[in-house]
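Please look over the sequence and the model below before reading on. The paragraphs that follow lead from the sheet to the helices around it, and then to the ligand site.

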Amino acid sequence: MTARLISVINQKGGVGKTTTAVNLAHGLALSGYRVLAIDLDPQAHLASSLGVTREDIAGLDAVFLKGIPLKSVQLKVRDNLKLVSAGGHLNEVENLEGGKSRGLLLKRALDQYDEAVDFIIIDSPPSSGLLVINALFAAEEILIPMTGDYLAMQGLSHLMSTLTNFEEALQKTYKQWIVLSRFHERRKLAQEVREKLIEYFPGSVLKTSISEAAALAESPGFGQSVFEYKENSKSADEYASLVKDVIKGRTF
Ligand SMILES: Nc1ncnc2c1ncn2[C@@H]1O[C@H](COP(=O)(O)OP(=O)(O)OP(=O)(O)O)[C@@H](O)[C@H]1O
Ligand SMILES: [Mg+2]
């Protein structure tokens, strides 16, 4: 399987992980790529943002807890876009026994996944727990949405050292991408944070920042990506541009 495997990660809550996962996944699908989106968050916001609200259907919880193949729980949600929803019992995974192998549940499920896809996008919960460890074991690329404020910078340095520890333990190097999300263009602090990020992490900060905008707050309530909810909005343009950044690796 030659798919690009991207985990969207930030232990801080509400920074735009799910919004970015939804619109990146759908934007890639609209560009003709075959995409699998995986909801690794028991909150199941990725699924609901794409219009899948049923909690009684099996999802990633059944894959992890019962050993069912990923392929059998995926749902076709749009042209070129399949979704594995969290399922109603994903939080029970934190209580599983089995030591280190518990961190490998997602990687093992993906190793057995034999469908041809170009991108696998994983949305993760706001924690540093076992589910996020699964995202880190499975991923080759890490996409970090972050807001342009002071505390976000502090959180990022913590996250970066976690990633370095994983790289050493797993003997691999992640391609790391940072996207400024919920960005306030006219706010001086936000601009300063962006400048600092570009200075500290050259080659990682994606060219397009995503502005704070009503369309992005509203679209999940309709179960739609921004490309469906407001095709001609600034937010749709920004996410379309971010999709190209990810395809081409366009960074500062
Ligand atoms: N650029 C934006 N402009 C306006 N609202 C946004 C933007 N990005 C995200 N939001 C809204 O902010 C809230 C948090 O965003 P989102 O769910 O994407 O963050 P998250 O990091 O996935 O949160 P969690 O850590 O809880 O999973 C949501 O209500 C979302 O609709
Ligand atoms: Mg989320």
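In this predicted model, seven strands form an open sheet with mixed pairing, and their order is E3-E4-E2-E5-E1-E6-E7. The edges are taken by strand E3 (75–78) and by E7, and because each of these has a single partner strand, one side of each is left without a neighbour in the sheet. On average, and with direction ignored, neighbouring strands of this sheet are turned by 25° against each other.

The part of the sheet around E6 can be followed residue by residue. E1 and E6 pair in the parallel sense over three bridges, and within this pairing Ser7 stands opposite Ile142 in E6, while Val8 stands opposite Leu143 in E6. E6 is also paired with E7, again in the parallel sense, here over six bridges, and Glu141 stands opposite Lys175 in E7.

Helix H1 (residues 17–30) lies across E1, E2, E3, strand E4 (81–84), E5, E6 and E7, and runs at about 165° to E5. H6 lies across E6 and E7, with a direction at about 170° to E6.

Helix H5 (residues 130–138) deserves a separate look. Eight of its nine residues are buried, so the helix is largely enclosed by the rest of the structure. The buried residues are Leu130, Leu131, Val132, Asn134, Ala135, Leu136, Phe137 and Ala138. What do the buried residues of H5 pack against? Their partners are strand E1 (4–8), helix H3 (60–66), helix H4 (105–111), strand E5 (119–123), strand E6 (141–146) and helix H6 (150–170), so that H5 is in contact with strands as well as helices.

Ile198 is found in helix H7, and it is 63 residues from Ala135 in sequence and 25 Å from it in space, C-alpha to C-alpha. Leaving aside residues up to four places away in sequence, Ile198 touches Val205 and Phe252.

Ligand 1 is surrounded by 19 residues, of which the closest are Lys17, Thr18, Thr19, Ser211 and Ala213.

Ser211 has its place in the loop between H7 and helix H8 (214–218). Is Ser211 buried or exposed? With a relative accessible area of 8%, Ser211 is buried, because buried means under 20%. The side chains of Ser211 and Glu238 are joined by a polar contact of 2.7 Å, and, not counting residues up to four places away in sequence, Ser211 touches Arg182, Phe183, Glu185, Leu216, Lys234 and Glu238.

Arg182 is also of interest for its backbone. Most residues other than glycine have a negative phi. Arg182, however, has a positive phi near 50°; it lies in the loop between strand E7 (175–180) and helix H7 (188–200), and it is partly exposed, with a relative accessible area of 38%. Ala44 is not a glycine, and its phi is positive at about 55°. Ala44 lies in the loop between strand E2 (35–39) and helix H2 (45–49), and with a relative accessible area of 18% it is buried.

Terms used:
Residues are numbered from 1 along each chain as its sequence is written. Chains are lettered from A and ligands numbered from 1 in the order in which they are written. This is a predicted model: local features need pLDDT of at least 70, side-chain atom pairs count only at pLDDT 80 or more; totals for chains, interfaces and linings use all residues. Side-chain values use heavy atoms; hydrogens and water are left out. Helices (H or I, at least four residues) and strands (E, at least two) are DSSP runs, numbered from the N terminus. Buried means under 20% relative accessible area, exposed over 50%, partly exposed in between (1.4 Å probe, protein chains only). Contact means heavy atoms within 4.5 Å. Two strands pair if DSSP finds at least two bridges between them. Axes are lines fitted to C-alpha atoms, for helices over the stretch in contact, and angles run from 0 to 180 degrees between N-to-C directions. A residue is near a molecule or strand if one of its heavy atoms lies within 4 Å of it. A polar contact is a pair of N or O atoms within 3.5 Å; within protein, one must be able to donate a hydrogen and the other to accept it, and residues adjacent in sequence count only if both atoms are side-chain atoms.
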